[in-house]
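User: I have a model open and want to learn to read its features. Can you take me through a helix contact, a sheet and a single residue?

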Amino acid sequence: MKKLITIILFIFSMQIFAGQYQVIKQKNVTLSKEQIDLENKKIEETVSKYPKKVLQEMISYYFSVSNKVNNEMSKEEKESMQLLSKEFSSFFSEIFNNSKFNIKTVKYLSNRKVSVTYEVVILDLDKILDEKEIKKRFFKKYGYEIKDAEDFFSLSEVKKWIDIMNEMLREGMRNPKNYVTDKVTNELNKIGNDWKFKDAEKFEEMLKKMK
């Protein structure tokens with residue numbers, strides 16, 4: 001589970017939304033202003049949608065592999081894994097939707113390669129999802145101690161655990177002190193007629209090998 005969350009946090013670092021930003025061209029770039037305006041729109045669309053797609057695929061793949069590895073699971077165990085997959089997608093989508101990503105610079109390194117610099121304002125999960133606090137709230141609300149994240153949760157326990165996490169997420173979102181700001185630079189390459197993150201290609205290759 002912790003490895004999954006680490007991957008998800010990396011995916012967050014790729015997420016961007018469009019805004020007013022500076023466009024820079026290297027001398028070797030031969031695109032016209034009209035062409036750059038068109039490419040900018042494609043870049044904005046790619047960087048606003050692709051990370052969320054990768055996130056959903058990673059969560060789905062993680063839980064599907066868990067189901068295959070544990071092919072002797074009971075019906076309840078399989079239902080628990082399915083619920084976790086669904087709730088994790090919803091949980092991290094909520095974080096996506098409540099984060100701010102502002103493009104600062106789009107630098108054309110060539111006609112088919114750009115460097116994008118952007119500012120990220122996003123929830124610090126370490127602050128809002130403290131493991132001790134989760135266990136404390138769980139015990140207070142349900143009267144017994146929650147299992148460790150690596151252990152199996154029954155269907156009823158999954159629902160209770162997710163309920164506590166969503167409660168802490170809603171509270172955390174209301175406090176500005178729980179957000180962190182960082183400036184990130186990523187490279188995008190034009191493959192065919194589409195723009196893709198340079199590192200995203202590695203993710204896709206990794207997924208293909210693992211399937």
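This is a predicted model: local features need pLDDT of at least 70, side-chain atom pairs count only at pLDDT 80 or more; totals for chains, interfaces and linings use all residues.

User: At what angle do helix 3 and helix 6 pack?

Analyst: First the general idea. Two packed helices are described by the angle between their axes and by the distance between those axes. Now the case here. Helix 3 (residues 75–97) packs against helix 6 (residues 155–173) at about 10 degrees, and the axes are 9 Å apart. Angles under 35 degrees count as roughly parallel, so helix 3 is roughly parallel to helix 6.

User: Next, the sheet. In what order do the five strands come?

Analyst: In general, strands of a sheet pair through backbone hydrogen bonds, either parallel or antiparallel. In this model, five strands make an open sheet with the order 1-2-3-4-5, and the pairing is mixed. Strand 1 (22–25) and strand 5 (194–197) are the edges, each pairing on one side only. From one strand to the next, the twist averages 25 degrees.

User: How many bridges join strand 1 to strand 2?

Analyst: Four, and strand 1 and strand 2 (residues 100–110) run parallel. For a landmark, find Val 23, which stands opposite Val 106 in strand 2.

User: Now a single residue. Is Lys 190 buried or exposed?

Analyst: Use the cut-off: buried means under 20% relative accessible area. Lys 190 has 13% relative accessibility, so it counts as buried. Lys 190 sits in strand 4 (residues 179–191).

User: Which side chain makes a polar contact with the side chain of Lys 190?

Analyst: That of Glu 39, at 2.9 Å. Leaving aside residues up to four places away in sequence, Lys 190 touches Glu 39, Lys 42, Arg 112 and Trp 195.

User: Last, the whole protein. What pattern does it follow along the sequence?

Analyst: The pattern reads α-β-α-α-β-β-α-α-α-β-β-α. That comes to seven helices and five strands. Of the 211 residues, 40% count as buried. Take contacts between residues at least 6 apart in sequence: 74% of them join residues at least 24 apart.

Key. Residues are numbered from 1 along each chain as its sequence is written. Side-chain values use heavy atoms; hydrogens and water are left out. Helices (H or I, at least four residues) and strands (E, at least two) are DSSP runs, numbered from the N terminus. Buried means under 20% relative accessible area, exposed over 50%, partly exposed in between (1.4 Å probe, protein chains only). A polar contact is a pair of N or O atoms within 3.5 Å; within protein, one must be able to donate a hydrogen and the other to accept it, and residues adjacent in sequence count only if both atoms are side-chain atoms. Contact means heavy atoms within 4.5 Å. Axes are lines fitted to C-alpha atoms, for helices over the stretch in contact, and angles run from 0 to 180 degrees between N-to-C directions. Angles under 35 degrees count as roughly parallel, over 145 as roughly antiparallel, 65 to 115 as roughly perpendicular and the rest as oblique. Two strands pair if DSSP finds at least two bridges between them.
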